[in-house]
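Here's a quick tour for anyone meeting this protein for the first time. Have a look at the model, then read on.

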Amino acid sequence: MPLGYTPEEKARVQQLVKLRRQWLKDQELSPREPLLSADSKGPVSRFWEGFLQPRSLWRVWTYKTCNAGWWTLTRLLVPAWFVHYYVKYHVEMKSYGIVSVKPKIFPGDTVLETGEVIPPMEEAEQIGHH
């Protein structure tokens, strides 16, 4: 019994080695590659290329808008919200403020808003109930 590969197996291994080497050789790029045409940019990449140029009009407008928005948020809206909250819930004594305790209503009392008098409670005889 001979050791090693049979002639068919040797030929197959040689073919695989040759194909692998050829594949690796094909992966190498020549100095001319990649071949890209000069006009290969799409509309989005053309927009961003122009947008990202220093001192472009869009870039300046975007910077100014972001700066103004940040200033408005941090120096105007947030402090105004804090002042509104404090006045609404801690200073102002109107109906939309926080009500800590509502007054208890008993039979015979008058409701201030409507002038309605609370009728007396009807006590029914409940035999056998506690």
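With 51% relative accessibility, F82 counts as exposed (over 50% relative accessible area is exposed, under 20% is buried and in between is partly exposed, with a 1.4 Å probe and protein chains only). This is a predicted model, where local features need pLDDT of at least 70, side-chain atom pairs count only at pLDDT 80 or more, and totals for chains, interfaces and linings use all residues. Residues are numbered from 1 along each chain as its sequence is written, and side-chain values use heavy atoms, leaving out hydrogens and water.

**Overall build**
- The protein has three helices and zero strands (DSSP runs numbered from the N terminus: helices are H or I with at least four residues, strands are E with at least two).

**Around F82**
- F82 sits in helix α3, which covers residues 57-91.

**Around P107**
- P107 is found in the segment after α3.
- At 41% relative accessibility, P107 counts as partly exposed.
- P107 and P119 are twelve residues apart along the chain, with 5.5 Å between their C-alpha atoms.
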